[in-house]
Amino acid sequence: MRSLKLGFAVAAVTCALSVTAQAGSCVRVAAVGDGLTHDLAVIMSTHGLANIIEGKGRTGKGPVHTKCVPSTFGTQCTSWQNACN
């Protein structure tokens, strides 16, 4: 549960500090996911990203990028994508 809260907190900060991609209509959105395995961490971060984009009323554009690193109890992945109105 702590990891989920941390993921949402990081995603919220990232959204607040997001860089405008195209003339104010697109932003870069990111989400963090933790898991005991690499595959679980990827699923958590990509599904979290999709939920955040949908919650903002935007549509994902372009590929979803994901970067994973080992963490204390498994793997931590960050996924990001451009999201447009």
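Me: Which residue does C68 pair with in a disulfide?
Reply: C77, with an S to S distance of 2.0 Å. A disulfide here is a pair of cysteine sulfur atoms within 2.5 Å. This is a predicted model: local features need pLDDT of at least 70, side-chain atom pairs count only at pLDDT 80 or more, and totals for chains, interfaces and linings use all residues. Residues are numbered from 1 along each chain as its sequence is written, and side-chain values use heavy atoms, with hydrogens and water left out.

Me: What's the handedness of the C68 and C77 link?
Reply: Right-handed, with 105° about the S-S bond.

Me: And C77, buried or exposed?
Reply: C77 is buried, at 0% relative accessibility. Buried means under 20% relative accessible area, exposed over 50%, partly exposed in between (1.4 Å probe, protein chains only).

Me: Why is the C26 and C84 disulfide called right-handed?
Reply: Because the torsion about its S-S bond is about 105°.

Me: Where do C26 and C84 stand on burial?
Reply: C26 is buried at 2% relative accessible area. C84 is buried too, at 10%.

Me: What's the disulfide pattern along the chain?
Reply: 1-4, 2-3, counting bonded cysteines along the chain.
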